Amino acid sequence: FLFLLHLRDPAVQQINSLDYLVHHFYPHDKEASEVAAWLLQDGGQSVTLLLDGYDELPPNLRQNSFIANLLQHKVIPACAVIISSRPHASGHLRDNITNQVEIIGFSKQDQQHFIQQSLQHQPHKISELNRYLEQHPAISNLCFIPINMTILLFLYKDKEKRPLPTSSTGLYNLFICLTICRHLAKSGITPDEEIKDINGLPQPCHTIINQLSKLAFEGLGNNQLVFSLPELKKKCPDIDKDHNGFGLLQ
């Protein structure tokens, strides 16, 4: 049996027994309870658990929950457990880990390969982007992370309208700005003036972004990466069906 559990999912966080776990994956299987009982008797020898996003599990559930008991092999001691997590959240698990693999991101060679694949048959653009990275080491250092490299290339393709940023803050600011502009265009909304940064957003866009920014900042302080719909409606009351978070929310 292979069970993939996305730990950011509130439904997964509520699982409190092996029977509940099996029913979560096989809700219409009448024999789910019998399977759970057999797994308990078997000790989990035939089970592999994939726990995705341990860092997105609320801190209290990392210490005292069914998920925590699974990790400590208290439920089915013979099962195999594979965990994915950002390093900051998984340090206390080291005593329970037999093997550890770290994703280190792009090497310099990987960066070059990615740029060349993205800008195929455009050697002048490849050279131009490489010169930009050489001149701005703060941006270049960010590009070891693949998603940041992707964001930079997205911005580069729009550089005729907006100059490329020179700082990490500028990189994310401009990316959010372009994401909002794209969402507004798809929604048939045309701003009175060209939007060059977040501070230039028209109302009610500016108010909604401020609310989302505050929500994200408070979540960062509380180590919370996932928000329920009631939380979103409470803290961002101006989000409606027409704006829907400008494509920044999933």
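C236 counts as buried at 2% relative accessibility, where buried means under 20% relative accessible area, exposed over 50% and partly exposed in between, as computed with a 1.4 Å probe on protein chains only. The model is predicted, so that local features need pLDDT of at least 70 and side-chain atom pairs count only at pLDDT 80 or more, while totals for chains, interfaces and linings use all residues. Residues are numbered from 1 along each chain as its sequence is written, and side-chain values use heavy atoms, with hydrogens and water left out. C177 is likewise buried, with a relative accessible area of 0%, and a search of the whole structure finds 0 disulfides, a disulfide being a pair of cysteine sulfur atoms within 2.5 Å.

C177 is among the buried residues of helix 11, which also include L171, L174 and C181; helices (H or I, at least four residues) and strands (E, at least two) are DSSP runs numbered from the N terminus. The cover over these buried residues includes helix 9 (137-142), helix 10 (146-156) and helix 12 (205-221), with contact taken as heavy atoms within 4.5 Å. Just after helix 11, G188 adopts a positive phi of about 75°.

Strand 2 (residues 48-52) runs parallel to strand 1 (residues 2-6), to which 5 bridges join it, and pairs in the parallel sense with strand 3 (residues 80-84) over 5 bridges, pairing requiring at least two DSSP bridges between two strands. L51 is the bridge partner of L5, whereas D52 stands opposite S84 in strand 3.
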